[in-house]
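Have a look at the picture before reading on.

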Amino acid sequence: MSVDLLNVKSLREFDQNAPVVMVNLMRFRERSLDGDGSGWDAYLRYSALTVPMIKARGGTLLWTGDAKAVALGAEAGNQWDYLALVYYPTVAAFIDMMTSADYETRCDPHRTNGCAEHVIIATKEAYSKFWIG
């Protein structure tokens, strides 16, 4: 996957000023495509560059963690190594970051080198109505 697979058309259907939480599912390569360590190592390089870009747009990492097991549903095709929930104050902020030249040239190569597969799912609302009283 590369940044050219960003589904801007679907994202444009969201309220551009509404907050969004992106659910990131990652499966790492055993070895980074650039030969510099493991897929995890490449992803750490990606994160070191990307997190400041997220914060500069008012976003934050809500949660990250290792994927341990499929608890409900088919296991086949759903084996992930790592997950992250990333909050953006607006959908436009996410699109701005992902389509920036800085992201494409500095960050995305590390993600591509490290991730065999990376899926990002956009949520419709930032927080569930059921969680907030």
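Buried here means under 20% relative accessible area, exposed means over 50%, and partly exposed is anything in between, using a 1.4 Å probe and protein chains only. Helices (H or I, at least four residues) and strands (E, at least two) are DSSP runs, numbered from the N terminus. Keep in mind that this is a predicted model, where local features need pLDDT of at least 70, side-chain atom pairs count only at pLDDT 80 or more, and totals for chains, interfaces and linings use all residues. Residues are numbered from 1 along each chain as its sequence is written, and side-chain values use heavy atoms, with hydrogens and water left out.

Start with helix α3, residues 91-98, which is mostly covered, with six of its eight residues buried. The buried ones in α3 are V91, A93, F94, I95, M97 and M98. What sits over them? The cover includes α1 (8-12), β1 (20-28), α2 (39-56), β3 (82-88), α4 and β4 (115-122).

One piece of that cover, α4, spans residues 101-114 and holds N113. N113 is buried, because its relative accessible area is 16%. Skipping neighbours within four places in sequence, N113 is in contact (heavy atoms within 4.5 Å) with R29, R31, S32, L33, D34 and A42.

Now hop over to strand β3, where you'll find L83. L83 counts as partly exposed because its relative accessibility is 22%. Not counting residues up to four places away in sequence, L83 touches N24, L25 and M26, plus W63, T64, G65 and A67.
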